[in-house]
Structures are given as C-alpha cells and as structure tokens.
Amino acid sequence: MEFVILAVVIAVVAIGAIAGLVVSGRRRQQLPPKSQAPVITAPKPTPQEPQVGEEAAPPTEEPRRTVEEVELPEAPEAVEVEAPEEAEAAPAVEVPEPTAGRLVRLRSRLSRSQNSLGKGLLSLLSREHLDEDTWEEIEETLLTADVGVAPTQELVERLRTRVKVLGTRTPDELRGLLREELVELIGTDADRTVHSTKHEEGPAVVLVVGVNGVGKTTTTGKLARVLVADGRKVVLGAADTFRAAAADQLQTWGERVGARTVRGPEGGDPASIAFDAVKEGIAEGADTVLVDTAGRLHTKTGLMDELGKVKRVVEKHGPVDEVLLVLDATTGQNGLIQARVFAEVVDITGIVLTKLDGTAKGGIVIAVQRELGVPVKLVGLGEGADDLAPFEPGAFVDALIGD
Ligand code: GDP
C-alpha cells in the first residue's frame with residue numbers, strides 16, 4: 001500500500017515538472033530574440049471613436065486618488081507683462097504744439113541771422129560818428145545778409161534821414177528805429193495766413209512746390225501738424241513720386257497726427273495722385289488737402305508740364321487755394337533763381353523759407369518777397385516736428401536785433 005502511495009506521489013510530481021517545462025518553453029518561443037529591437041507599432045484606431053457626450057472609461061490600472069491626496073499647484077509667481085515695444089504698437093496720434101507764438105519760442109534758432117544782420121547793424125549805428133565809411137559798412141552788412149540791392153539802398157536811405165533828424169542817439173532809440181525800418185521793409189500789410197479753410201463744395205487745396213532737397217516733404221508734414229493743431233482735418237497727397245522715399249516720409253508725418261495719406265505707385269503720375277487726394281478729402285469731409293508735388297527743375301518746360309498738369313487736374317474738383325513755394329534759406333542767390341523759375345511756371349501765393357536755423361542770413365526774407373511780390377508765410381527753424389512757424393514780421397525782427 002505504501003508503495004502505491006509513493007508511486008502516485010512520484011507520478012504527480014513528474015507530471016507537474018513536465019507541464020512546467022512545456023509552459024516555460026512556449027514562453028521562451030514567444031519572446032523576441034535579444035538582439036532584435038522591439039518594434040513599436042501605433043495602436044490601431046478603435047473602430048469607433050468616442051462621441052461628444054460619451055464618458056471616457058476610468059483608468060483601471062491605477063488606484064483612484066481621493067480628493068485629499070491631490071496636491072495643489074503652487075500659486076504662480078506674478079508675471080510682469082512687458083509693455084509692447086513702441087515699434088509694434090499702433091501709432092499714437094500726437095497733439096502738436098499750438099502755432100501761436102512759435103516764432104517767439106524759436107527765436108534763438110535764428111542766431112546766425114542775428115549775428116550777421118541785426119546785431120551787426122546795431123553796433124554800426126551805435127558808432128559815435130556815422131561817416132560815409134560807416135554807412136558803406138552798413139550797406140555791406142545788409143548785402144552780405146542777402147537783403148538784396150534795391151531793399152538795401154532803400155533802407156540805408158531811410159536810416160540816414162531818420163538818424164539825422166534824431167540827432168543824438170541812445171541805444172534804445174536806435175534799436176527802436178532799426179526795428180521800425182526793418183518791419184516796414186518786410187511789410188505788415190500782406191496776408192500771411194495759409195488759406196486752408198474749407199469751402200462749401202469741398203476742402204481747401206494747398207499745393208506745395210519746390211526743388212528736391214529744400215525741405216518740401218518735411219514742410220508738408222510739418223504744415224499738416226500746424227493745421228491739425230489749429231483744429232483742421234487734413235488729407236495728404238503724396239504726389240512727389242519722383243523721390244523714392246517721399247511718400248513713406250509723408251505718410252509717417254500724417255500718421256503722427258491722424259491724417260490720411262493718399263499715395264500711388266513709385267514713378268506714378270503725380271497729377272492722378274493729386275486728383276485722388278482731393279477726391280479723398282471731399283469724401284472724408286476734410287478741411288484741407290495738402291499735396292506734396294515733385295519738383296524737378298530739369299527744364300522750365302518740363303516743370304511747367306508737371307506742375308501745370310497737377311494744378312489743372314486738381315482744379316477739376318475745385319479751385320486751388322494756395323501754391324506754397326518752399327525755398328532753402330541757406331542757398332541765398334540760388335534760392336532766388338529757383339523762385340524766379342517757379343513763379344514763371346505757376347502762380348505762387350506764399351513762400352516757405354526753410355533752414356533759417358542753419359547758416360542762412362535773415363535778409364533772404366526781404367529779398368525773396370521783393371523778387372516774387374509774394375509774402376513769406378511760414379519759416380522752418382529746425383528738423384523737429386513743430387519747428388515750422390507762421391511768419392510774423394515783428395517777432396522776426398525782434399529775434400534779429402534782440403529786445
Ligand atoms: P525735399 O526733397 O524737398 O522733400 O526735402 P526733405 O523734406 O526730404 O528735406 C531735406 C532735408 O532738410 C531733411 O533732412 C530735413 O530734415 C531737412 N530740413 C527741412 N526743413 C528744415 C529746417 O527748417 N531746418 C533744418 N535744419 N533742416 C530742415
């Protein structure tokens with residue numbers, strides 16, 4: 001009996017061992033050989049994707065966490081939000097400085113003119129003996145300061161007479177006398193306003209003309225600011241299609257004060273841009289349309305064709321109110337020659353003298369008015385946005401001779 005039991009136990013153990021060997025052998029067969037990298041295959045898409053509203057099956061492998069076990073995230077550190085860089089920000093519309101009294105504020109910029117004209121004349125007139133030589137020096141001072149021959153002779157004549165009548169002279173009397181005579185020579189009767197008031201039919205139109213480099217585009221931009229400062233709504237026409245950067249330059253000026261710029265392709269037809277600018281001005285209900293023109297002075301006929309066409313085309317909408325000639329005051333006689341040519345081509349209604357803060361001599365104001373019989377309406381006294389001032393004879397002479 002014992003033998004039978006022992007035999008059964010041995011048989012059971014043997015069967016178990018054989019079964020174990022078979023199972024492990026099968027497993028070994030299923031494992032990939034060690035050298036072979038396991039191939040990871042993307043899971044096959046489930047034939048049916050979960051639809052909106054169906055709940056996802058809760059993960060079963062991981063024990064579910066209770067609320068207490070959930071770690072709370074740390075409070076985030078305060079993040080400083082940087083202000084956007086200026087270049088990326090939408091351009092802010094600037095509020096230009098008021099125009100009243102600009103010339104007084106900018107008077108120190110006229111230092112060069114002061115020394116060559118005002119101060120020079122005053123010191124000569126203050127000499128104890130005003131002999132012929134001194135009068136000749138006075139005349140020379142005026143000519144060197146670009147006053148021009150005829151106005152110089154007139155002024156010297158008047159000064160001689162008045163000094164004689166005066167007899168003894170105090171510095172204050174001399175300053176007063178010189179001031180009066182210079183103001184008289186520049187003239188106080190002329191209408192120096194830039195005609196920019198809207199008509200019933202549409203906006204006032206101002207054409208800005210002049211040769212390249214005199215500061216025409218800059219002046220158009222500054223003038224837009226002057227008009228905006230005075231409460232006008234302005235549209236700009238970039239009709240200087242000859243100079244590559246002029247339209248961009250003008251548009252930047254316009255954006256700074258919220259004025260729209262009408263422009264066309266580079267090298268495009270200036271007259272059609274001018275026409276479109278006025279059309280836009282009418283549509284927007286603008287007060288003033290300022291048109292920056294191309295100022296090529298290659299030949300007089302060429303200039304006449306260009307400017308004449310711009311003017312004619314614009315006049316299809318209505319009258320042109322102003323034709324402002326921009327002259328670089330530092331060019332002296334050359335500026336006068338340009339003035340003459342432009343005046344023959346188009347009816348100039350006002351002069352803008354730029355760069356009076358540079359090496360210009362103040363006398364050019366007198367000479368150019370004489371030459372054209374047209375008043376100086378604006379003066380440029382620097383490259384800054386608000387460095388364009390309405391011209392006032394009294395303030396200008398005060399700046400020249402000091403008060
Ligand atoms: P444009 O070719 O006639 O349109 O000339 P721009 O308007 O481009 O001006 C030519 C240069 O003259 C620019 O560098 C301006 O900044 C400068 N400019 C214009 N007006 C004045 C001014 O009144 N004073 C000074 N110092 N520079 C000026």
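## A sheet, its helices and a ligand

Let's start with the sheet: eight strands line up in the order β3-β2-β4-β1-β5-β6-β7-β8, making an open sheet with mixed pairing. At its edges sit β3 (260-262) and β8 (388-390), each of which pairs on one side only. Going from one strand to the next, the twist averages 25°. Keep in mind that this is a predicted model.

Strand β2 (residues 234-239) pairs with β3 in the parallel sense, over three bridges.

Helix α9 (residues 270-284) touches β1 (204-209), β2, β3 and β4 (288-293). The direction of α9 makes about 170° with that of β2. Over on other strands, helix α12 (residues 364-372) lies across β5 (322-328), β6 (350-354) and β7 (376-380). Relative to β6, α12 runs at about 150°.

| Helix pair | Angle | Axes | Crossing |
|---|---|---|---|
| α4 (residues 132-144) and α5 | roughly 145° | within 10 Å | right-handed |
| α5 (residues 149-166) and α6 | about 145° | 11 Å apart | right-handed |
| α6 (residues 171-186) and α13 (residues 393-401) | about 135° | 9 Å apart | right-handed |

Who touches whom? Take α4 and α5 to begin with. On the α4 side you'll find Trp135, Ile138, Glu139, Leu142 and Leu143, and they meet Thr152, Leu155, Val156 and Arg160 in α5. Sort the residues of this α4 and α5 contact by class and you get six nonpolar, one polar and two charged.

Helix α5 also packs against α6, with an angle of about 145° between them. In that contact, α5 brings Pro151, Leu155, Arg158, Leu159, Arg162 and Leu166, while α6 brings Glu173, Leu177, Glu181 and Leu185. The class count for α5 with α6 is six nonpolar, no polar and four charged residues.

Then there's α6 with α13, packed at an angle of about 135°. That angle makes α6 oblique to α13. From α6, the contact uses Arg175, Leu178, Arg179, Leu182, Val183 and Ile186. From α13, the partners are Pro393, Gly394, Phe396, Val397 and Ile401.

Finally, have a look at the ligand. How many residues surround the ligand, and which are the closest? There are 19 of them, and the closest are Gly215, Lys216, Thr217, Thr218 and Gly380. Which helix gives the largest share of the shell around the ligand? That's α7 (residues 216-229), which supplies three residues. By class, the shell has three nonpolar, ten polar and six charged residues.

Note on methods. Residues numbered from 1 in each chain as written. Predicted model: local features only at pLDDT ≥ 70, side-chain atom pairs only at ≥ 80, totals over all residues. Near = placed C-beta within 6 Å. Helix = DSSP H or I, 4+ residues; strand = E, 2+ residues; numbered from the N terminus. Nonpolar A, V, L, I, M, F, W, Y, C, P; charged D, E, K, R; others polar. Axes fitted to C-alpha atoms, helices over the stretch in contact; angles between N-to-C directions. Parallel < 35°, antiparallel > 145°, perpendicular 65-115°, else oblique. Left-handed = near helix turned anticlockwise from the far one by under 90°. Contact = placed C-beta atoms within 7 Å. Pairing = 2+ DSSP bridges.
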